[in-house]
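Hello,

Here is the structure for you to look through. Please open it first, then read my notes below.

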Amino acid sequence: MKHTIIKTARVTLLTSLVLSNLSWKTIPNDETNPPLLTVKGFTFADFNRNGKLDVWEDTRL
């Protein structure tokens with residue numbers, strides 16, 4: 001009886017670990033990851049996706 005309970009607990013723990021690992025592996029979508037622009041060796045996020053560095057996107061200013 002005790003062996004069966006331990007076996008069930010192990011399977012339950014393993015299953016919960018596998019399912020929790022699957023929930024952490026989400027695919028990033030394009031809305032949360034804007035494309036990157038590189039200007040003179042500096043890299044900036046292109047938040048409005050227009051392909052050019054705007055004033056509000058330049059973190060050097």
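**What was found**

The chain has 1 helix and 2 strands. Helices (H or I, at least four residues) and strands (E, at least two) are DSSP runs, numbered from the N terminus. Starting at the N terminus, the order is α-β-β.

Two notes on method. This is a predicted model, where local features need pLDDT of at least 70, side-chain atom pairs count only at pLDDT 80 or more, and totals for chains, interfaces and linings use all residues. Residues are numbered from 1 along each chain as its sequence is written, and side-chain values use heavy atoms, with hydrogens and water left out.

**The strands**

Strand β1 (residues 36–39) and β2 run antiparallel, joined by 4 bridges. Two strands pair if DSSP finds at least two bridges between them. Leu36 has Ala45 in β2 as its bridge partner. The hairpin of β1 and β2 has 2 residues between the strands, and Lys40 takes a positive phi near 50° there.

**The aromatic pair**

The whole structure has 1 aromatic pair. Phe42 and Phe44 have ring centres 6.4 Å apart and planes at 35°, so the pair is tilted. The rule covers rings of Phe, Tyr and Trp (its six-membered ring): centres lie within 6.5 Å, and planes under 30 degrees apart count as stacked, over 60 as edge-to-face and the rest as tilted.

Phe44 is buried at 3% relative accessible area. Phe42 is partly exposed at 43%. Buried means under 20% relative accessible area, exposed over 50%, and partly exposed in between (1.4 Å probe, protein chains only).

**The salt bridge**

There is 1 salt bridge in the structure. Which residue does Asp58 form it with? The partner is Arg60, and the closest N and O atoms are 3.0 Å apart. The term needs a side-chain nitrogen of Lys or Arg within 4 Å of a carboxyl oxygen of Asp or Glu. Asp58 is buried, at 11%. Arg60 is partly exposed, at 40%.

**The surface**

Val55, Trp56 and Leu61 form a nonpolar surface patch, with about 430 Å² of accessible area together. Patch residues have over 30% relative accessible area and no salt bridge; like charges are joined within 9 Å, and nonpolar side chains (Val, Leu, Ile, Met, Phe, Trp, Tyr) within 5 Å. Areas come from the Shrake-Rupley method with a 1.4 Å probe; for residues, only the protein chains shown count as cover.

Leu61 sits in the segment after β2 (42–45). Leu61 is exposed, at 73% relative accessibility. Of the 61 residues in the chain, 13% are buried.

Best wishes
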